[in-house]
Amino acid sequence: MNDVRPAGATSQFEIHVLEKTYVGSDGTLVPAIRDLVLEVQPQSMTVLMGPSGCGKTTLLRIVAGLDDRFTGELRVPENARIGVVFQEPRLLPWRTVRQNIELVADEYFSSADLDRLAASVGIADMLPRFPQELSLGLARRVALARAFATRPDLLLLDEPFVSLDERTADRLRHLLLEVWSSQPTTAILVTHNPREAILLADQLVLLAPRPTHVVAAVPIEIPQGDRDSAAVEAIYADLLTRYPANFATG
Amino acid sequence: MSVISVAGFLLVWLIAAEVAQSRVLPGPAEVLRYVVDEALHGDLLAELGITLWRVVASFVVAMAIGSVIGLAMGQSPALDRALDPWLIVLLNLPALVIIILAYVWFGLNEAAAIGAVALNKIPNAIVTLREGARALDPGLDEMARAYRLSPWSKLRNVTLPQLQPYFAAASRSGISLIWKIVLVVELLGRPNGVGFELHLNFQLFNVTAILGYTVAFVTVMLAIEYLLVQPLERRTTRWRNKPV
């Protein structure tokens, strides 16, 4: 069916999903993705933006290797390490925060590295605690730290800031940018929030409603560090006129 | 609180025995004297030991077999459908039928006794662990797969901790069921153990001895519950007892 071919570790990721369907609750086949081609540049932040239910998460699961029931081709570097930040934190409740991170961390990831990473996402005090003692915002930070601790070749983030209040979400977005800039990683982030997409993306990929495919891949040239809210609004206004269908509802 | 309620029970027993003044209801002091005497000079400790060994052996056998089948049934709907009728039969088959048939077919021996007890417990373990397997969190499973955890690491860190409450529930109900059935098995076909002694003293109409063995047995049971089961449970669920 599909073909996962190794590419060199420095080369870009290529994702080509010819067709992905799933069986709906009434037994009929629902097409989720059709003829989607996506190239991801190394050490860049690709943001996938599309309407709710368009198949973004399905696509991310395919890229993560969690779902191989599709036709198409996935070109990923050999033995690529993948870090995933799911929509829910998905921490092990019976392991402390430190153990949760250590469990998946890269083998050369030292305890000092862990302390440094924890400090950079603001969870240094939380390391000996159990996840149930944390607020959602803190648990999200732990999930983020866990993903970075694997030193991933590819970092996948599935709406990592959803259902947080706007202030917390915004703080976490900047935190993500900080950690990501200090440890440049090829990343794919999924969101339906246009301002979040504009703030984070090197390449902003607009997706069509189901069955989804790429409508446009828009590069954003201004470095993330220089995008204040005025810059974000300017880009937003520009994109709104160019892709009204994708931005009007945001 | 536990101490007060036990003391209250002893008091009621004492008063009842004083009022009845009957051979069929000896007081706590008399029973305690019998227990100490039998422990020091008689067979009480040996008989308790034999019973305890049968309990442990059937418990281990039943939990091992029951867990494996239960987990397999929880994860494979086809296997679940195939084995379900047999599970229902076993669940509802009277313990006595299994015990008698085991003795008739396999002889009055230790293996038949332990096998019969285990077979009575296995369906309960299956049902509980099947629920456990069905309740495994698919989100955590995905997390383990995405992060490429080794099968061993996944079992130890992701799967077993989720099954722990189900193991605990199966163990707890299993121990109590096995305690009860082991005595019946001993009564019917073993020449030793607490069940045999109870039967013997029933024929001799020695109520002091019957109560004495019961008290000794209950003491062992409580010791296992409070010194082994509960501390273990507290340790494995400590992550859960924290305030959010």
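Colleague: How many residues does the contact take from chain A, and how many from chain B?

Modeller: In this predicted model, chain A gives 17 residues and chain B gives 13 residues. Residues are in contact if their C-beta atoms, placed from the backbone, lie within 7 Å.

Colleague: Which elements of chain A give two or more residues to the side that touches chain B?

Modeller: They are strand 6 (82-85) and helix 2 (97-104) of chain A. By class, the residues on that side of chain A divide into 11 nonpolar, 2 polar and 4 charged.

Colleague: Why are strand 4 and strand 9 of chain A called paired?

Modeller: Pairing needs at least two bridges. Strand 4 (residues 45-49) and strand 9 (residues 203-207) of chain A are joined by 4 bridges, so they pair, and they run parallel. Met49(A) in this region stands opposite Leu206(A) of strand 9.

Colleague: What makes up chain B, helices or strands?

Modeller: Chain B has 10 helices and 0 strands. Its C-alpha atoms fill a box of roughly 70 × 50 × 30 Å along the principal axes.

Colleague: What share of chain B counts as buried?

Modeller: A residue is buried if 20 or more other C-beta atoms lie within 10 Å of its own. Of the 244 residues of chain B, 31% count as buried.

Conventions: Residues are numbered from 1 along each chain as its sequence is written. Chains are lettered from A and ligands numbered from 1 in the order in which they are written. This is a predicted model: local features need pLDDT of at least 70, side-chain atom pairs count only at pLDDT 80 or more; totals for chains, interfaces and linings use all residues. Two residues are in contact if their C-beta atoms, placed from the backbone, lie within 7 Å. Ala, Val, Leu, Ile, Met, Phe, Trp, Tyr, Cys and Pro count as nonpolar, Asp, Glu, Lys and Arg as charged, and the others, Gly among them, as polar. A residue is buried if 20 or more other C-beta atoms lie within 10 Å of its own, exposed if 12 or fewer, and partly exposed in between; C-beta atoms are placed from the backbone.
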